[in-house]
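I begin with the structure itself.

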Amino acid sequence: MPNRPLLHDTPGIPARCDDGGVPVAIAIAGLTKRFGSTRALDGLDLTVLTGEVHGFLGPNGSGKTTTIRVLLGLLRADAGRAELLGMDPWRDAVEVHRRLAYVPGEVSLWPNLTGGEVIDLFGRLRHDLDRRRRDDLLQRFQLDPTKKTGAYSKGNRQKVALVAALASDAELLLLDEPTSGLDPLMEAVFQDCIREAKAQGRTVLLSSHILAEVEALCDRLSIIRLGRTVEEGTLDELRHLTRTSIMAETERPAQGLAGLDGIHDLETDGTHVRFEVDTTDLDAAIRRLGELGIRSLVSHPPTLEELFLRHYGDELAKEPERVDRERDTAPSPPR
Amino acid sequence: MTSLTGTVALARFIVRRDRIRILLWIVPIVVLVALTVVGIEGLFPDQAALDQTAAATQHNAAAIAFNGPAQGLDTVGGQVAFQFGAPGMVLVGLMSIFMLGRLTRGEEEAGRLEVVRSLPVGIHANTLAAVLTVAAMDLVVGVSTAAVLVAQGLPPAGSVVFGVSFALVGLFSGAVALLVAQVTESTRVVYGVGGAMLGLAFVLRAIGDIGDGTISWLSPIGVAQKARPFADERWWPFLLLVVVTVILVAAAVTLAVRRDLGAGLFAPRPGPPLAAPSLGHPIGLAVRLQRGSIVGWGAAVLVFATAYGWIGPTVDAFIGQNKALAELLAGGEGGNLTDLYFATSIRVLALIATGFAIQSALRVRGEESSMRADLVLATPVSRWRFAWSHLAVAYAGSVVMLTIAGLGAGLTYGVAGGGMAGVPRLLGAALVYAPAMWIMVGLAMALDGFTPRLVGASWVLLLACVVVGFLGVVLGLPRWLQDLSPFQRVPELPAASLDLLPLGVMTAIAAGLTLAGLVGLRRRDIGRV
């Protein structure tokens, strides 16, 4: 199945909000970033609407962290346009940073400072330290603020960065795999905090590997691969592009399904049948089952995980081909 | 011995990974030995010149304080041992401390050792591999040094003793580093304690050599010099070094067996749950992060300063008017020997203090490559303010270090009988080095701004300044090359008169380099690379 970009059919044209009138918190179009001869970002597009929780998905090394570091003004883009909160992340870094908070995936802190000191430091650097909110979050995340950060585990260092970010007044949260070190209990606390942040009207860009988390939290999501956006939309919209799994038992032996359009992985065993069907062809498939007489029917929409795996499964199969093509057409890097 | 499984493979891996670093330590030391011989032969072309300088140096407390006991100075070999013995041993000691600290506690602190330990590798394999590598480096330095001296026609017995003294001081220093690495959790502390040990060794032997030589036995460098290379060699002092080294290693092994991976001997204590008011802006953070380093370097400078001040009055008592020596001491035009002595002392102190200045300036890069800068720069703190906070500590800290140097030397000199009039003179003599130190800070920042991968070269530049400052004359380096070191451009108070022009020019150069570096930092990507 070919993968079509959902919201913007022509790559390179700035992503636009289709809701009309909803302001855009992050607008990235055609973003390119090279490290030597490696192309970390290759024309990436991303639109995050104000007030939404936006999932940012992609396999390791696909360019999620690079994108966020460009948004923070730590990296300078080679080409393309990036705007956040209506400002240029490189030129207006200080102004932008007054209004955002950041949690990196790998939090390294000063080993001699305590967690409490680090949280206070960030709050004061941002001039919005709220002692009450800070203490409340420390309690919810069960973080001991008197411990030196050198003695913290990865998860506890992540909590320090999370508490510092969530205790701030920032209207935009840039979270780069913020929960990769948290246990399931803390994951639940995190999800509550993000829902509260959304209720307060904050915007969240959540890069994540935990698909259940993205499914639970995100209004819309973008999937990137090799530095390029391959899907963008709501979870429902993305599901439309994919297949529904059907398991059924029919009165008469299940025949005639194989001839229909959009049926995949068909397995028949007498009156038992299971298959997957493209969402656009669902109607025809169910009609045919109806003709056969349905005794039982189980159908479920694809989980994000299936969507993700199928997407990359397909893509990975095509990988060598694509790399070869790129090698032929791409100008060779200067030696 | 399953606890040592994998040692050979790890040692091979270390040598492969650090081959450039290993060569960058060994080759310059051996080359400096060779150059010293050539320099001495040029400085004292015949026996008459050697006899003359030998006679004068007997009575030159200053020279003895900086170099070592006057023994065999009427031979080329004896002169080589006198001029390059102590500095060479300090270099070999630093090599062992930095390599061993890096390969043991450094690997542990970085978390890399955890991965290695999870492999079918014995628990002591990495430590033993590190020890073997560093010991091999010490031996290579010792053997090459002896070989170079013999090749240049010096007596084999003295050459071998000199080479062995390098190797043994290296092994001793490595053993100290190994022990400290078991006690502390921080690699920086290993470097700090190791450096302090060498500094103390240098000072103790200076005090001992000025007196009857007893106190020198407390210093590994002093003990090595007791083996008298090129002056009726004797081997038994080496035995003392070997025994102490073995005891240190045994102690380190005992401690290593008892502790957990990643931990030190003492568990970290809890700290304050709230930040102090000062920890609310970049400068406050920079001061807090560098507090330990300021105290450590300040203490080192103070120890050296008081030792030099204390020796001061002794220089008055010794008599020496040898012109060649006066030049050797200060590279100047003669004058009062005590003033020359203090001019050289202050220069030594300024060079030590520059170690702090560079370490402080390199914090900018350290924060960046540890990714901690990301978190600070994601708040409304500009790159300019972020970098400047650490540079401000480097700039101001330089002045603090020089103040400690001047006051420490001046007050001790006064208490020891030299008179309190020396206090303001020595303080002034120290403070004029500030612009030279700022140039080194500026160079470090410029490297960071434009070639961040090469910031480590700042240390090489400092080492070059040290070599020029200590050995420029002996090595016969061309004048223009010596003048590239900013420290050679500083008026040598109290022996020379104050000249404000070079100080102004140097301050401007320092400001220009710093500014250029900041501009470079603002234009480039932030990150590990």
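The entries below record what I looked up.

I note that this is a predicted model, in which local features need pLDDT of at least 70, side-chain atom pairs count only at pLDDT 80 or more, and totals for chains, interfaces and linings use all residues. Residues are numbered from 1 along each chain as its sequence is written, while chains are lettered from A and ligands numbered from 1 in the order in which they are written.

**Domains.** I looked up the domain bounds, which come from an automatic or database domain assignment. Chain A has domain 1 (24-239) and domain 2 (243-300), with C-alpha centres 43 Å apart. Chain B has domain 1 (1-36 + 89-266) and domain 2 (278-529), and 27 Å separate their C-alpha centres. In chain B, each of the two domains gives 11 residues to the contact (C-beta atoms, placed from the backbone, within 7 Å). On the side of domain 1 of chain B that touches domain 2 of chain B, α9(B) supplies the largest share, 8 residues (helices are DSSP runs of H or I, at least four residues, numbered from the N terminus).

**Backbone.** Most residues other than glycine have a negative phi, and most peptide bonds are trans. I found that the bond from B:Leu493 to B:Pro494 is cis, with omega near 0°. B:Pro494 sits in the loop between α21 (479-483) and α22 (500-523) of chain B.

I also found a positive phi of about 65° at B:Phe230 and of about 55° at B:Asp232. Is B:Phe230 buried or exposed? B:Phe230 is buried, because 24 other C-beta atoms lie within 10 Å (buried means 20 or more, exposed 12 or fewer, partly exposed in between, with C-beta atoms placed from the backbone). B:Asp232, with 10 such neighbours inside 10 Å, is exposed.

Key:
Helices (H or I, at least four residues) and strands (E, at least two) are DSSP runs, numbered from the N terminus.
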